[in-house]
Amino acid sequence: MPIGSVPPKYKVTIDKDLCMLCERCIENCPYGTFRREGNKIQIFSRACTGCHRCIAMCPRDAISLQEKPIDYRSHPVWSREAREAIYNQAQTGKIVLTGMGNALNVPQIFDRLLLDACQVTNPSIDPLREPMELRTYIGKKPRKLTIDKTPEGDIDLVTKLAPNLKCETPIMIAHMSYGAISLNAQLSLARGAAEEKTFMGTGEGGLHESLYPYQDNMIVQIASGRFGVDIDYLERGAAIEIKIGQGAKPGIGGHLPGEKVDESVSKTRMIPPFSDAISPAPHHDIYSIEDLSQLVRSLKEATEWKKPVFVKIAAVHNVAAIAAGIARSSADAVVIDGFRGGTGTAPRVFRDHVGIPIEAAIAAVDAKLNEQGIRNEVSVIASGGIRDSADVTKAIALGADSVYIGTAALVSLGCRVCGNCYRGLCPWGIATQREDLTARIDPDIMYKNVSNLIHGWTLEISELMGAAGINSIESLRGNRDRLRGYMLDENILSVLDVKTVGADV
Amino acid sequence: MMKKTLTIDAKGMHYTPLNKEIRAAIKDGVTEIILENINGQRFIGNGLRGKDLTIIINGVPGGDLCMFMSGPTCIVHANAEHAPGNTMDRGKIYIHGTAGDAVAHSMRGGEVYVRDSIGYRGGIHMKEYKDKCPVLVVGEYARAFLGEYMAGGILIVLGRGKDQPPVDERGVGTGIHGGELYIRGEVPDHLLGIGAEKKPFTEDDREKIRPYIEKYCREFGVDEPELFSDEYVHIGPSSARPFAGKYCWE
């Protein structure tokens, strides 16, 4: 039954007094919002995705954008999104797909956690004049060290250390595959990460040969589709990550539509061009924690125990118990991805409703690993909705060793979080494979945005630590006493193991 | 190339030192490694390269045999466990016996031959790329979920089991979007999963599978002309995009 069109999401207007008809808006918009008609730019607002590319490129600031110019009758229960999903499904009978992370207005626990600072009784530290230790080692730590004294009086380390990743900052870049994002975006991220002596993930899309120069800073992913995975790929990575789940869509697989699999993507993933790349929901060789352990060890055997192996899971209800299982599987790090994590495409109901917040997951995992005396067996990497250095600092104080940033890293390349990644037409050249669009990112320039971002955040973290009188990231890790809960209920405070604001020390 | 053989007695050996010895032998120019007294050691041959290498296993190897392997040949004179040929890239595995679940899981290239039967999820998510076309040949029968999510490759079940159909459990080819299954004997329609459909078995198909059946017969000493002359049930994808109809955009 026809129910007509839904109201346009955006209204674009051009101030004719300012417009000089340079047509940059037309060139920049791949969605067809603008066209030239005589001495005028005609606007088709319905095509607009709110990506801001035209606004960013207009030399005269002539373009205005209004969100929801026509809204529905306001109603506390029946949001615009709820109504529009129904109109959509009434006409299609299908699963609604969306892009980017959770779009519900869910409370941000990070915003209700406050950091501490020194006053009078314990002096704060100025990172300008004191060394601040932000170097982070990801991997197993020995329970104890055995040393030997040589006849010459030297000390030899007898304990065999497991391989660790050495990062100069607790910030790493999350796995975003070639296919989901462009090669130029990946190159910018990889070079930016290498510049800051940290790491980035390949995602499940293989490793394109132009990324080989950065392979020592790349974590190669092995997911349920095993795309692009062979022994060369495994040996190239600095570490290997088994992806079990993703915060944006826990429990389901992935599906790169054939139209995004061009020649180059096909080569990197090692699948025929234009074929769908379907990653099943589970790894079909892992049906239990014992099977997971087998895959972890299989990867280690194949790479002669030289590479740390991470296991990434979505933060779900029993995340702590699962993480404890992973810690016993020979894995070197557990990655937990919270329910605000981003993605190129996820079903709306999964993105918005499945999983738990990363803050609670970090605290629960850290507590469980400590309780079982195996916290040293794995590093904890947190991801999913980390927006700034304060979030990073709080995540570490809750018990994480390090974080992955995905969306934030893309925002540093221009992403406006418009959420239309699945269209394959990203005007910022990120979530697209169309050559004229990917050419909008010059990796030799844009890598600097990525390294600047990590650098800036790292500086801020050292300032925040210094203010709290902490000079080493190790003293911040799991230091919940440096956090206070603000307007959080008692149950959450108890899960986080954080006191309320105003509580006695 | 000169053949150079080394025998390793693996009695009571852990898999890591065993694989280390194998790697050291390869470095040393050994082209044939005989492993005696294998008893459940996992990961044998993982990630090994080189097409001139043969590993002969006497005893039952553990799971993930030859995972990520790229080139060598492995012959098992016993049954094999879970997922032999997992994510294999190149090379051959011959199993003189049965194999467990997820045989040839996600295999991209190479060939796996199992003389007798296999467990669940055989050939799941096999895929092909350019000249790499994985082949799994099963002598007797397979359990449920055979060839699920197949994205490429050839999966042959010879149905040599006595009084045992080649497959009599559900989920054959569920989600298949590339590749082919050839099954000798009856496969009732209701066993086919979503996305799989029967196709005509042509002379071209017969020619296509012939060399693999020949290799099977040669390796396992089988002389059964009917394997070449009988009809096979040919199953392939009903669409290259089995999930395309499930979704709409926000």
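**View 1. A:I95 and B:Y247 stand opposite each other across the two chains.** In this predicted model, the residue B:Y247 belongs to strand β12 of chain B, and the residue facing it is A:I95. Strands of a sheet pair through backbone hydrogen bonds, and the sense can be parallel or antiparallel.

**View 2. Chain A and chain B are in contact with each other.** On one side, 32 residues of chain A take part; on the other, 39 residues of chain B. The elements of chain A that each give two or more residues to this side are α3 (80-92), β5 (95-98), α5 (231-236) and α7 (289-302). The largest share comes from α7(A), with five residues. Sorted by kind, the residues on the chain A side are 13 nonpolar, 11 polar and eight charged.

**View 3. An open sheet in chain B is formed by 11 strands.** The order across the sheet is β1-β2-β3-β4-β5-β6-β7-β8-β9-β11-β10, and the pairing is mixed. Strands β1 (5-9) and β10 (196-199) of chain B are the edges, each pairing on one side only. From one strand to the next, the twist averages 15°.

View 4. One position to look for is B:A196, which stands opposite B:P237 in β11(B). The edge strand β10 of chain B pairs on one side only.

**View 5. Helix α2 of chain B lies across several strands.** The helix spans residues 203-220. The strands it lies across are β5 (90-95), β6 (111-114), β7 (135-138), β8 (151-157), β9 (178-184) and β11, all in chain B. Relative to β8(B), helix α2 of chain B runs at about 55°.

**View 6. Chain A is assigned domain 1 and domain 2.** The assignment places residues 10-94 in domain 1 and residues 147-500 in domain 2. Taken over C-alpha atoms, the centres of these domains of chain A are separated by 34 Å. In the contact between them, domain 1 of chain A contributes 10 residues and domain 2 of chain A contributes eight. The domain 1 side divides into five nonpolar residues, four polar and one charged.

Technical notes: Residues numbered from 1 in each chain as written. Chains lettered and ligands numbered in written order. Predicted model: local features only at pLDDT ≥ 70, side-chain atom pairs only at ≥ 80, totals over all residues. Pairing = 2+ DSSP bridges. Helix = DSSP H or I, 4+ residues; strand = E, 2+ residues; numbered from the N terminus. Axes fitted to C-alpha atoms, helices over the stretch in contact; angles between N-to-C directions. Contact = placed C-beta atoms within 7 Å. Nonpolar A, V, L, I, M, F, W, Y, C, P; charged D, E, K, R; others polar. Domains from an automatic or database assignment.
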